[in-house]
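Please look over the model below before reading the notes. They cover secondary structure, surface and side-chain pairs.

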Amino acid sequence: KGELSIFPKEVKLLTACLHMLPKDHQGLKDQEVRFRKRYLDLMINDDVRNTFYTRSKIVNFIRHYLDSRGFLEVETPMMNMIPGGATAKPFVT
């Protein structure tokens with residue numbers, strides 16, 4: 001029962017990274033690139049990485065706290081296919 005898992009004893013890198021990271025003094029300045037390539041932002045900026053780490057710890061604590069008290073976590077869709085709010089078209093009742 002459960003999910004099948006593989007536990008490797010050795011990992012071998014088969015290819016090199018062909019993209020250079022931004023320089024230390026230059027950093028990652030473009031806001032759009034930072035949001036689109038979050039992995040790159042996390043690799044370059046220590047402050048961003050620490051913020052994400054702290055946020056993860058807080059979310060996990062709250063989740064565990066509420067779960068231990070019998071609360072149920074429910075996921076709701078954020079991007080709804082049915083137009084609503086400002087994008088909704090008027091209708092006649």
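The briefing below is grouped by topic.

This is a predicted model, in which local features need pLDDT of at least 70 and side-chain atom pairs count only at pLDDT 80 or more, while totals for chains, interfaces and linings use all residues. Residues are numbered from 1 along each chain as its sequence is written, and side-chain values use heavy atoms, with hydrogens and water left out.

**Secondary structure**
- The protein has 3 helices and 0 strands; helices (H or I, at least four residues) and strands (E, at least two) are DSSP runs, numbered from the N terminus.
- Along the sequence the pattern is α-α-α.
- Helix 3 has 23 residues and spans 33 Å from its first C-alpha to its last, close to the expected 33 Å (1.5 Å times one less than its number of residues).
- Just after helix 3, Gly 70 has a positive phi of about 85°.

**Surface and burial**
- Of the 93 residues in the protein, 8% are buried (buried is under 20% relative accessible area, exposed over 50%, partly exposed in between; 1.4 Å probe, protein chains only).
- Ile 58, Phe 61, Ile 62, Tyr 65, Leu 66 and Phe 71 make a nonpolar surface patch of about 610 Å² (patch residues have over 30% relative accessible area and no salt bridge; like charges are joined within 9 Å, nonpolar side chains, namely Val, Leu, Ile, Met, Phe, Trp and Tyr, within 5 Å).

- The structure holds 5 salt bridges (a side-chain nitrogen of Lys or Arg within 4 Å of a carboxyl oxygen of Asp or Glu).
- Arg 36 and Glu 32 form one of them at 2.8 Å, N to O; both lie in helix 1 (residues 31–36), 4 residues apart.
- Arg 36 is exposed at 66%, whereas Glu 32 is partly exposed at 48%.
- Asp 46 and Arg 49 form another at 2.1 Å, N to O, and both lie in helix 3, 3 residues apart.

**Around Asp 41**
- Asp 41 belongs to helix 2 (residues 38–44) and is buried, with 0% relative accessibility.
- Its side chain meets that of Arg 34 in a salt bridge of 3.3 Å, N to O; Arg 34 is buried too.
- A polar contact of 2.4 Å links the side chains of Asp 41 and Asn 45 (N or O atoms within 3.5 Å; within protein, one must be able to donate a hydrogen and the other to accept it, and residues adjacent in sequence count only if both atoms are side-chain atoms).

Definitions and conventions: Areas by Shrake-Rupley, 256 points an atom, 1.4 Å probe, with all protein chains shown as cover.
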